[in-house]
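This report concerns the structure shown below, and it moves from strand pairing to domain contacts and then to a single residue.

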Amino acid sequence: MAVSQAVPITRHPFADGSYKKMLIDGKWVDAASGKRFETLNPATGEMLATVAEGDAEDINRAVAAARRAFEGPWSKAKPFERQNLLLKLAELVEKNFEELSQLDTLDMGAPISRTRGNRLRVLGMLRYYAGQATSLHGETIENSLPGEIFSYTLKEPVGVVGAIIPWNGPLAATVWKIGPAIATGCTVVLKPAEEAPLTSLRLAELAMEAGIPPGVVNVVPGFGETAGAALAAHPDVDKVAFTGSHITGQSIVRASAGNLKRVSLELGGKSPDIVFADADLDAAVPGASMAVFANSGQICSAGTRLFVEEKIYDEFVGRVAEFGRKLQVGNGLDPNTQIGPLVSEQQLERVTGYLAIGQTEGAKALAGGARVTEGPLAKGYFVQPTVFANVQDNMRIAQEEIFGPVISAIKFKDMDELIRRANATTFGLGSGVWTRDVAKAHHVSKALRAGSVWVNCYQAMDPAVPFGGYKMSGYGRESGKQHLEEYLNIKAVWIKTA
Ligand code: ADP
């Protein structure tokens with residue numbers, strides 16, 4: 001493992017140690033309780049800002065504002081107007097992109113190359129949803145009733161949306177929630193993760209600057225058990241759009257039962273990434289490595305169960321371990337950094353816990369296997385990129401989501417057995433296949449029970465292509481036309497014409 005140089009923190013205009021309020025009804029306000037919490041830089045432990053700590057009372061205020069906006073002039077905003085607002089927001093995000101990338105890096109640790117690299121995706125999302133705003137339509141449907149009765153459908157916004165997001169990509173996650181809401185004419189109360197709330201607040205400032213009317217976008221930072229739970233249970237919220245762990249997803253579904261609100265869930269995974277002996281190994285080594293190490297493994301669809309065909313297992317896993325050892329670990333602000341810290345002390349404990357479990361279970365760490373405890377990185381939450389070999393299907397490191405830079409490399413021999421084992425997980429988010437054989441690629445892609453299959457690549461994403469889970473990875477889709485449907489109701493209208 002190489003270590004990048006510590007970077008002197010130049011003060012960021014939005015992470016300058018000052019206090020940030022929450023946005024309700026177009027106004028920046030304190031929490032009703034007056035409480036605040038600190039948000040830290042995971043690379044250094046340094047405090048970046050204090051943030052108003054919302055709880056149930058603030059959620060009530062924000063939901064009331066979102067309801068008023070939904071029923072007020074916003075309900076009359078034409079598609080073209082919503083489109084223009086999203087285009088204006090995209091323009092402002094583009095203008096401020098470097099600042100937003102740095103803010104994501106400071107607040108959650110990802111390498112700046114990664115947060116800058118999100119540029120096209122984030123801008124693409126905003127512009128895609130802008131395009132969709134003027135493409136929503138119902139259908140006229142011929143019916144078989146006697147006489148003359150005309151039937152058609154209307155697509156209507158679902159109403160007030162509660163958006164609850166994680167910390168592993170705050171800018172993209174915020175855009176992924178507010179983009180479709182604005183496009184469809186909904187209003188939103190967004191609760192960012194307590195670990196990294198700053199980018200959502202900054203984006204909310206830009207939304208105001210773009211002219212998005214008061215109450216349409218509200219941002220209430222706070223903790224999951226208080227603000228998050230209040231939003232999920234709120235009787236006047238029509239839909240919750242959630243991204244996070246499956247455990248929290250389950251409590252959101254339970255909380256939604258009170259008013260049977262709509263729910264979409266983008267949850268965790270333990271995705272299989274399968275390397276056949278006929279693959280282009282020079283491409284598969286970096287591809288399969290970064291399918292896990294990118295963002296320090298803090299990606300829900302990371303390809304953490306690396307299935308490798310027996311005849312190339314030793315060679316391939318050895319090369320992945322060598323790749324991992326060479327990665328530059330460091331402060332995300334250093335442009336040479338490839339692996340940043342984990343987001344928090346809690347995540348550090350969780351991941352190092354799994355490193356110990358893997359060793360106890362009998363897996364062999366060919367690379368990494370520990371926290372970085374020396375030099376300038378000792379103060380941050382850094383873990384070495386880790387490759388476990390000799391992993392068996394029933395080990396906890398092969399079944400449970402670790403959310404850290406940890407690969408569990410598993411051997412396989414024949415195709416049918418492989419497919420059964422790859423699908424033997426409670427999750428079904430991502431999956432990967434590396435092969436030069438097109439028939440094999442099709443066969444395995446069809447057999448895998450996962451929302452995305454990447455062949456000879458990993459983690460390709462596009463605003464127009466749906467993303468989401470099977471099984472305990474959740475339901476509903478983000479990106480693509482299906483995403484908009486999650487924010488729409490369908491009304492059937494019947495008109496007797498004779
Ligand atoms: P992670 O393990 O990735 O932090 P979580 O599911 O705990 O995932 O967190 C994702 C988001 O869900 C965060 O914004 C968090 O505050 C929120 N959250 C956590 N617990 C609850 C809950 N009981 N109800 C609603 N939201 C919650």
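T386 has V406 in β18 as its bridge partner. This pair belongs to a predicted model, in which strand β17 (residues 386-389) and strand β18 (residues 406-412) run in the parallel sense and are joined over 3 bridges. Helix α12 (residues 345-361) packs on the sheet, where it touches β16, β17 and β18, and its direction makes about 25 degrees with that of β17.

The sheet as a whole is open and has 7 strands, ordered β16-β17-β18-β14-β13-β19-β20, with mixed pairing. At its edges stand β16 (364-367) and β20 (454-455); each has a single partner strand, so one side of each is left without a neighbour in the sheet.

## The three-stranded sheet

Another open sheet consists of 3 strands in the order β2-β6-β5, and its pairing is likewise mixed. Here the edge positions are taken by β2 (19-20) and β5 (36-40), and because each has a single partner strand, one side of each lacks a neighbour in the sheet.

Between β5 and strand β6 (residues 47-52) the pairing is antiparallel and extends over 5 bridges, with R36 standing opposite A52 in β6. Helix α7 packs on this sheet and touches β2, β5 and β6, its direction making about 65 degrees with that of β6.

The domain assignment of the chain divides it into domain 1 (8-267 + 473-493) and domain 2 (272-462). Their centres, taken over C-alpha atoms, are separated by 30 Å, and the contact between them takes 27 residues from domain 1 and 30 residues from domain 2.

The size of an interface is often given as the accessible area lost when the parts come together. For domain 1 and domain 2, the area buried between them is about 2300 Å², with 60% of it on carbon and sulfur atoms. On the domain 1 side, P42, W167 and S473 supply 24% of the area buried against domain 2, which is more than any other three residues supply.

E194 is found in the loop between β9 (187-191) and α7 (198-209). Is this residue buried or exposed? With a relative accessible area of 18%, E194 counts as buried, because the cut-off for that class is under 20%.

The side chain of E194 reaches the backbone nitrogen of G224 at 3.3 Å. When neighbours within four places in sequence are left aside, E194 is in contact with F37, T39, G222, F223, G224 and E225.

Definitions and conventions:
Residues numbered from 1 in each chain as written. Predicted model: local features only at pLDDT ≥ 70, side-chain atom pairs only at ≥ 80, totals over all residues. Heavy atoms only, no water. Helix = DSSP H or I, 4+ residues; strand = E, 2+ residues; numbered from the N terminus. Buried < 20%, exposed > 50% of the residue type's maximum accessible area, 1.4 Å probe, protein only. Polar contact = N/O pair within 3.5 Å; in protein donor to acceptor, adjacent residues only side chain to side chain. Contact = heavy atoms within 4.5 Å. Pairing = 2+ DSSP bridges. Axes fitted to C-alpha atoms, helices over the stretch in contact; angles between N-to-C directions. Domains from an automatic or database assignment. Buried area = accessible area lost by both parts, 1.4 Å probe.
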